[in-house]
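Subject: Structure for your study

Dear colleague,

Please find below the structure that I promised to hand over to you. My notes on what was found in it follow directly after.

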Amino acid sequence: MLPVDSEDGKANHWHTDVTFVLNPPQASTLRSITIPPYGGETLIANAAAAYRDLPGPLRDFADTLWAVHTNDYDYAVPPESRNEAERARRAVFTSIKYETVHPVVRVHPLTGERGLYIGGFAQRIVGLASGESRDILRLLQAYVTRPENVLRWRWEPGQLVLFDNRITQHYAADNYDDLPRRLHRVTVAGDSPAGADGKKSYSIKGDASHYSTVPAA
Ligand SMILES: O=C(O)CCC(=O)C(=O)O
Ligand SMILES: [Fe+2]
């Protein structure tokens with residue numbers, strides 16, 4: 001269980017949990033402990049609906065792409081404005097640097113549904129320069145975050161929300177000033193993704209063998 005406390009930072013960026021490892025969690029749960037009187041919603045986006053929304057030629061293009069996911073980039077606070085506590089947390093978070101290649105279009109292992117599998121840890125498209133990668137990722141990500149594809153959960157204390165991490169992204173709205181907010185997060189072990197052509201994700205850097213794996217059925 002991981003405490004998610006506003007004092008330690010806010011996840012106000014679109015992401016799918018822990019996608020920088022070879023076997024990212026299949027699901028995450030969030031349980032509300034302390035909720036501010038206003039704001040602090042969690043937004044959850046449907047990445048399968050995003051894929052279906054793509055025009056045909058873009059969908060075919062996305063099917064062929066693979067992306068490098070890494071925990072080693074400045075997604076939380078820009079380096080120059082980090083305070084001591086943030087620097088310490090980041091040192092722990094990046095003590096092992098991971099780079100893992102996942103399909104941009106992931107086939108859901110239970111339903112066969114296709115979804116865009118990108119989110120904040122996806123930093124580069126294999127075979128493209130970083131500028132080209134950014135443009136392509138921004139284009140695809142815009143479909144994920146369309147209002148039509150986003151649920152906005154207004155918390156009350158004592159609730160538990162579960163989402164399928166294989167086919168969603170989420171974002172914690174930072175709209176409650178400096179009020180306290182605390183959730184508990186649990187992630188559930190998952191398998192490594194497979195793309196539209198059946199090929200599996202592979203690791204470039206970082207041993208993730210201490211992340212729980214799913215026992216073979
Ligand atoms: O605070 C939230 O609503 C979400 C937190 C989150 O995304 C995370 O801890 O991974
Ligand atoms: Fe998250």
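Apart from residues up to four places away in sequence, Thr-213 touches Asn-23 and Ala-189. Please keep in mind throughout that this is a predicted model. Thr-213 itself belongs to the segment after strand 13. Its relative accessible area is 56%, and because exposed means over 50%, Thr-213 counts as exposed. Between the C-alpha atoms of Thr-213 and Arg-52 there are 30 Å in space, and the two residues are 161 apart in sequence.

The metal site

Which residues coordinate the iron ion (ligand 2)? The donors are His-15 through NE2, Asp-17 through OD and His-170 through NE2, at 2.0 to 2.1 Å. Written along the sequence, the spacing of these donor residues is H-x1-D-x152-H. Two of them bring together distant parts of the chain: Asp-17 sits in the loop between strand 1 (2–5) and strand 2 (27–34), whereas His-170 sits in strand 11 (residues 168–172), 153 residues apart.

The phi angle of Val-18 is near 55°, which is a positive value in a residue other than glycine. For comparison, most residues other than glycine have a negative phi. Val-18 is buried, with a relative accessible area of 9%. Asp-177 likewise has a positive phi, near 55°, and its place is the loop between strand 11 and strand 12.

Helix 2 covers residues 56–63, and within it Leu-58, Ala-62 and Asp-63 are buried. These three lie on the same side of helix 2, because they cover an arc of only 140° around the axis. On the other side of helix 2, Pro-57 and Asp-60 are exposed. What covers the buried residues of helix 2? The cover includes helix 1 (47–53), strand 6 (105–107), strand 7 (114–116) and helix 4 (130–144).

The largest nonpolar core of the model has 22 residues. Those with the most contacts inside this core are Leu-54, Ala-62, Val-104, Leu-116, Ile-118, Ile-125 and Leu-140. Strand 3 (42–46), helix 1, helix 2, strand 8 (122–125) and helix 4 each supply at least two residues of this core, and helix 4 gives the largest share, 5 residues.

How much space lies in the second largest pocket? The figure is about 340 Å³. Among the residues that line this pocket are Trp-14, Tyr-73, Ile-118, Gln-123, Arg-134, Arg-138 and Gln-141. Strand 8 and helix 4 each supply at least two residues of the lining, and the largest share, 4 residues, comes from helix 4.

Two further residues

Where is Ala-196? Ala-196 is placed in the loop between strand 12 (182–188) and strand 13 (202–205). With 28% relative accessibility, Ala-196 counts as partly exposed. Not counting residues up to four places away in sequence, Ala-196 touches Asp-63, Val-105, Val-107 and Arg-114. Asp-63 is one of the buried residues of helix 2 mentioned above. Ala-196 and Pro-103 are 93 residues apart in sequence, and their C-alpha atoms are 7.9 Å apart in space.

Asn-71 lies in the loop between strand 4 (66–70) and helix 3 (84–93). At 0% relative accessibility, Asn-71 counts as buried. Beyond residues up to four places away in sequence, Asn-71 touches Phe-20, Phe-93, Thr-94, Ile-96, Lys-97, Tyr-98 and Phe-121. From Asn-71 to Arg-90 there are 19 residues in sequence and 9.8 Å in space, C-alpha to C-alpha.

Yours sincerely,
A colleague

Note on methods: Residues are numbered from 1 along each chain as its sequence is written. Chains are lettered from A and ligands numbered from 1 in the order in which they are written. This is a predicted model: local features need pLDDT of at least 70, side-chain atom pairs count only at pLDDT 80 or more; totals for chains, interfaces and linings use all residues. Side-chain values use heavy atoms; hydrogens and water are left out. Buried means under 20% relative accessible area, exposed over 50%, partly exposed in between (1.4 Å probe, protein chains only). The arc is that of the directions from the helix axis to the C-beta atoms. Contact means heavy atoms within 4.5 Å. A nonpolar core is a set of buried Ala, Val, Leu, Ile, Met, Phe, Trp, Tyr and Cys residues joined through side-chain atoms within 4.5 Å. Donors are N, O and S atoms within 2.8 Å of the metal (3.2 Å for Na, K and Ca); water is not among the atoms, so sites may look incomplete. On a 1 Å grid over the protein atoms alone, a cavity is a set of points where a 1.4 Å probe fits but cannot get out, and a pocket is an open set with protein on both sides within 12 Å along at least five of seven lines; lining residues have an atom within 4 Å of a point. Grid points are joined across faces, edges and corners, and a volume is the space filled by probe spheres set on the points.
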